[in-house]
Amino acid sequence: MGGLYGIRKIIRSDEIDASQTGKERIDVNETKHAMDVLTAIALRRSVREFKPDPVSEDVITALLTAAHQAASSWNLQPWEFIVVTDQHAKEALAEAVTVGNQPVVLNGGVTFVCLGSMRQQDALADRIANTPLPPDAAPERRERLVLTAAKMREDVQWRREHVLTNTYIGIAQLVLASQSLGLGSLWMGGYDEAKVKEVMGIPDDYLVASLVTVGTPAQEIIGPAVRKRRPLEEVVHRNSFGGK
Ligand SMILES: Cc1cc2nc3c(=O)[nH]c(=O)nc-3n(C[C@H](O)[C@H](O)[C@H](O)COP(=O)(O)O)c2cc1C
């Protein structure tokens, strides 16, 4: 794999599970060639030109695992991913994205079609409505849970925002993990959702949250990104809105 930082070992999901059960220890020295988070944040920029190198299955698994470790409201975990590496699938997907994004999807190593699952939202509403309460719990507590569950099922806008917001947290981790492994990425909102759903066979109760292409950048990333950003002072308020 190219980029600034070669990797000797990537943490895979089964190894994380093993570490959680205490059966096997991860040697952190083996992962030291992945960048730390702040370095990855500093170097990340949107990459729109890729070398035609494939992305290995180990790396794809590491990226999916990074996304799947994300925090989510009520542990909703709404994210699901279609991993597009096959050339025919890339060509079909490219038909569903804006013209500017087409070369990215065609040339990048892998494109993740990032989905938000409304099924998970409904399953969460069921879990909340059925949360076991201690026998002496105040009746209002059950009422509150039932009301929360009803809102989760019925408030169309709230449901959509809840699923998308939480899906984006997973996507952000995937993007930063890509950078941390020396790969480039492009986060894309430029696509026709109905077409993406059609060509990828996505059921109605899923939202297409974003597409992310990951691959080897055509130009090596050798320093922090030059950012067009609003000044930090403009976006920070101290202790109250407008406070300096
Ligand atoms: C939700 C989202 C959607 C985006 N959609 C596109 C897109 O469709 N095509 C594209 O070229 N860039 C897209 N971008 C990349 C932004 O243009 C880019 O992040 C922004 O200009 C800042 O540049 P940087 O990523 O290099 O820091 C998107 C980024 C985000 C977060």
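**Exercise 1. Which residues of H3 are buried?**

Solution. The buried residues of H3 are Val59, Ala62, Leu63, Thr65, Ala66 and Ala67. Keep in mind that this is a predicted model. Next, place the helix: H3 covers residues 57–68, 12 residues in total. From its first C-alpha to its last, H3 reaches 16 Å. That is close to the 16 Å expected at 1.5 Å a residue. Now recall a general rule. An α-helix has 3.6 residues a turn, so residues three or four places apart point the same way.

**Exercise 2. Find which strand gives the most to the shell around the ligand, then describe that strand.**

Solution. Start with the residues around the ligand. Among them are Arg45, Asn101, Leu186, Trp187, Met188 and Ser210. Sort the shell by class: 4 residues are nonpolar, 6 polar and 2 charged. Then look for the strand. Strand E3, residues 184–188, gives the most, with 3 residues. Check its cover: 4 of the 5 residues of E3 are buried. Finally, find its partner. E3 pairs with strand E4 (residues 206–215) in the antiparallel sense, over 5 bridges. At Trp187, the bridge partner in E4 is Val212.

**Exercise 3. Locate Thr131 and explain why Thr131 counts as partly exposed.**

Solution. Thr131 sits in the loop between helix H6 (118–129) and helix H7 (139–154). A buried residue would need 20 or more, an exposed one 12 or fewer. Last, take a distance. Leu145 is 14 residues from Thr131 along the chain, and their C-alpha atoms are separated by 7.9 Å.

How values were computed: Residues numbered from 1 in each chain as written. Predicted model: local features only at pLDDT ≥ 70, side-chain atom pairs only at ≥ 80, totals over all residues. Helix = DSSP H or I, 4+ residues; strand = E, 2+ residues; numbered from the N terminus. Buried ≥ 20, exposed ≤ 12 C-beta atoms within 10 Å, placed from the backbone. Expected span 1.5 Å × (residues − 1). Near = placed C-beta within 6 Å. Nonpolar A, V, L, I, M, F, W, Y, C, P; charged D, E, K, R; others polar. Pairing = 2+ DSSP bridges.
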